[in-house]
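Please look through the model before reading the points below.

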Amino acid sequence: MPTPSASDGTPAPPTPEQVLRAPKVLLHDHLDGGLRPATVVELADAAGYDRLPTQDPVALGQWFVDAADSGSLERYLETFAHTVGVMQGADALARVASECAQDLAADGVVYAEVRFAPELHVEGGLALEEVVEAVDAGFREGEAAAAARGRTVRVGTLLTAMRHAARSREIAELAVRYRDRGVVGFDIAGAEAGFPPTRHLDAFEYLRRENAHFTIHAGEAFGLPSIWEALQWCGADRLGHGVRIIDDIAVDGDDVRLGRLASYVRDKRIPLEMCPSSNVQTGAAPSIAEHPIGLLRRLSFRVTVNTDNRLMSGTSMSREMGLLVEHFGYGLRDLQWLTINAMKSAFLPFDERLALIDGVIKPGYAALG
Ligand SMILES: O=c1[nH]cnc2c1ncn2[C@@H]1O[C@H](CO)[C@@H](O)[C@H]1O
Ligand SMILES: [Zn+2]
């Protein structure tokens, strides 16, 4: 556990090296938001995609971060045209998935649920099934390549349906069909304002009848009604972001009052997939230092920390955790708490979650001291 500092016995802040080595669990990461900039350039070249703002990988990486730094979710999402644009063939999808698994492993991630929207990857003529199979093959290849380098990561897939479109029931059925072949759950994403979760109620009702798991992006660009619908109408297991839940919490000095929805979220241990850097870029949080994760962690909500889109935020799990160390003074104990929260909330069978907590996460933190 944390090394006591020489002077007063309080734990020293974790070093970047310790944060990198610490076992991490990632529940909210978009496949099409995590490409290596050099891979975007190479795939664009191979596919004849000529709309990239620049061919230079370093400049392109910076372009994504700057363009996503827009203060609006809608404008942030415009940057995905370029990543989705180069992910239209089976080979490209498998390569991106393989590199994703390897990059997460190199960052010390031991378990990840990575999401993508199959319906966005059919422009080159692939069937939805072929899209899912190509990505799954890529993840397995990436896991094997990481293992060969002594890094063990396990990657599960979440299939996303786009909330402005009308294919959610079809994508939900796809998620159920592939649930024993790499897919662990379902999600809806895209612009939130004007596209409430209840638009996709039939998909969620179908998933519940199938005993399947799903998370919903809610409370990011829109407030409490979106969170309420996601939980009480749709029955989401987890909330993607959920930052606006603070609108239902009144803080007056030491006096903190939770409204009924915030109480429900805390009492039922609803996992919040918080993504600090992404939330600052889209304007869902004013800054890292003022991010609701600080308050929600103090109030013992089931908080988890995530990357959302590593390319658009120029980030990684270690970087997000490093920001929390820097701005909230988190120690290894806090990082372990966040990690165990995430593992408890994963869409894996209970015994497998427990095996990762007891066999990988706790020993991994114990070895850091
Ligand atoms: O933070 C987010 N909020 C809502 N939608 C998102 C976010 N990040 C990515 N996507 C959307 O999800 C699709 C599938 O991965 C992406 O293409 C993007 O449009
Ligand atoms: Zn997201």
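1. Start with Ala101. Setting aside neighbours within four places in sequence, Ala101 is in contact with Phe139, Gly142, Glu143, Ala146, Val153 and Val155. Keep in mind that this is a predicted model.

2. Next, helix 8 (residues 168-177) and helix 9 (residues 201-209). They pack at an angle of about 20°, and their axes are 8 Å apart. Because angles under 35 degrees count as roughly parallel, helix 8 is roughly parallel to helix 9. Their crossing is right-handed.

3. On the helix 8 side of this contact are Ser168, Arg169 and Ala172, which meet Asp202, Ala203, Tyr206 and Leu207 in helix 9. By class, the contact has four nonpolar, one polar and two charged residues.

4. The second pair is helix 16 (residues 332-345) with helix 17 (residues 350-366), packed at an angle of about 165° with axes 10 Å apart. Angles over 145 degrees count as roughly antiparallel, so helix 16 is roughly antiparallel to helix 17. The crossing of helix 16 and helix 17 is right-handed.

5. In this second contact, helix 16 supplies Leu332, Gln336, Thr339, Ile340, Met343 and Lys344. They meet Arg353, Leu356, Ile357, Ile361 and Tyr365 in helix 17. Sorted by class, the contact of helix 16 with helix 17 has seven nonpolar, two polar and two charged residues.

Note on methods. Residues are numbered from 1 along each chain as its sequence is written. Chains are lettered from A and ligands numbered from 1 in the order in which they are written. This is a predicted model: local features need pLDDT of at least 70, side-chain atom pairs count only at pLDDT 80 or more; totals for chains, interfaces and linings use all residues. Axes are lines fitted to C-alpha atoms, for helices over the stretch in contact, and angles run from 0 to 180 degrees between N-to-C directions. Helices (H or I, at least four residues) and strands (E, at least two) are DSSP runs, numbered from the N terminus. Angles under 35 degrees count as roughly parallel, over 145 as roughly antiparallel, 65 to 115 as roughly perpendicular and the rest as oblique. A crossing is left-handed if the near helix is turned anticlockwise from the far one by less than a right angle, and right-handed if clockwise. Two residues are in contact if their C-beta atoms, placed from the backbone, lie within 7 Å. Ala, Val, Leu, Ile, Met, Phe, Trp, Tyr, Cys and Pro count as nonpolar, Asp, Glu, Lys and Arg as charged, and the others, Gly among them, as polar.
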